[in-house]
Structure formats: structure tokens, C-alpha cells
Amino acid sequence: MTHNNPKLTAKIALYQPDIPQNTASIIRTCSCLGVKLEIIEPCGFTFHDKRFRRVVMDYLDEKMIKIYENSDQFFEALISHPDDRPFIRKLLYLQQINPS
């Protein structure tokens, strides 16, 4: 399986998630697929929220989840990790064609 190779592992980043049930469902999906999850805070809920806990059940593998305090911390981590540089180039390209 490819998800055992750290260079081929997919990642999903959630930017300031608001809905605990949706976040928990994404965590379950990531757990089943062997995908790493990165959450950029602040979240609109706590991880002790009963709605979150009910949906996430026993799938919460904290080794597969990285939590960043803000987007600056997230992008600093991306820049410092050489395997993520193609992702950064794609983000910069998308920003050029769709400036906000």
C-alpha cells in the first residue's frame, strides 16, 4: 500500500472548521484511507464536543492529525518541509490565477 510510504502519503488540510460532525466524518475518512489530516485553528468547536465525539467514534488517531494554531504556522511548516514544495507551487499558481 502506498500510504506506508511517507513521500506518497496524501494530506488534507481543514482551514478553521466550524461544524464538528463534518470534521469528525473527515477524520474517519482519513483514518480509513491512511491520509494525514492537518487542522488550522481556530475551530468553531472543541475536540471534546459531544457532537464531534459521537461521529468520530474510535477513529481518532492523533498521530495522523497535526493541529496548527493559525495559517501562518501551517505555511511555515509547509515551506520547511521539502516534500510539500509541489503543493506550495500549486497554491501560488492558484493564487495568481484567482487573486482575492
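How many bridges join β2 to strand β3, and in which sense do the two strands run? Four bridges join β2 to β3 (residues 65-68), and these strands run parallel; two strands are said to pair if DSSP finds at least two bridges between them. The model is a predicted one, in which local features need pLDDT of at least 70 and side-chain atom pairs count only at pLDDT 80 or more, while totals for chains, interfaces and linings use all residues. Residues are numbered from 1 along each chain as its sequence is written, and side-chain values use heavy atoms, with hydrogens and water left out.

The protein chain holds four helices and three strands, and along the sequence they follow the pattern β-α-β-α-β-α-α. Helices (H or I, at least four residues) and strands (E, at least two) are DSSP runs, numbered from the N terminus.

The strands can now be taken in turn. Strand β1 (residues 11-15) pairs with strand β2 (residues 36-40) in the parallel sense, over five bridges, and along this pairing K11 stands opposite K36. Between these two strands the chain passes through helix α1 (residues 20-33), and this β-α-β crossover is right-handed, which means that, with the strands pointing away from the viewer, the path from the first strand over the helix to the second runs clockwise. Elsewhere in the pairing, Y15 has I40 in β2 as its bridge partner. On the other side of the account, I39 stands opposite I67 in β3, and the chain crosses from β2 through α2 to β3 in a β-α-β crossover that is again right-handed.

Strand β2 is mostly covered, since four of its five residues are buried. Buried means under 20% relative accessible area, exposed means over 50%, and partly exposed lies in between (1.4 Å probe, protein chains only). In the protein chain as a whole, buried residues make up 26% of the 100 residues. Leaving aside neighbours within four places in sequence, E38 is in contact (heavy atoms within 4.5 Å) with K11, I12, A13, L14, K66, Y68 and F74.

The next topic is the nonpolar core. In soluble globular proteins, nonpolar side chains tend to be buried together. A nonpolar core is a set of buried Ala, Val, Leu, Ile, Met, Phe, Trp, Tyr and Cys residues joined through side-chain atoms within 4.5 Å. The largest one here has 13 residues, of which A24, I27, L37, I39, F52, V56 and I65 touch the most other members. The elements that give two or more residues to this core are α1, β2 and α2 (50-56). Not counting residues up to four places away in sequence, I27 touches L37, F52, V56, Y59, L60 and I65.

T23, which lies in helix α1, is buried because its relative accessible area is 3%. Beyond its neighbours within four places in sequence, T23 is in contact with L14, P17, I39, F45 and F52.

Aromatic rings deserve a separate look. Rings of Phe, Tyr and Trp (its six-membered ring) pair if their centres lie within 6.5 Å, and planes under 30 degrees apart count as stacked, over 60 as edge-to-face and the rest as tilted. By this rule there are five aromatic pairs. The rings of F74 and F75 have centres 5.1 Å apart and planes at 75 degrees, so this pair is edge-to-face. F74 is buried, with a relative accessible area of 5%, whereas F75, at 39%, counts as partly exposed. Ring pairs also link F45, F47 and F52 into a cluster.

Among contacts with a separation of 6 or more, 69% are between residues 24 or more positions apart. G44, in the loop between β2 and α2, stands 28 residues from Q16 in sequence, yet their C-alpha atoms are 7.1 Å apart in space. Leaving aside neighbours within four places in sequence, G44 is in contact with P17 and D18, and at 49% relative accessibility G44 counts as partly exposed.
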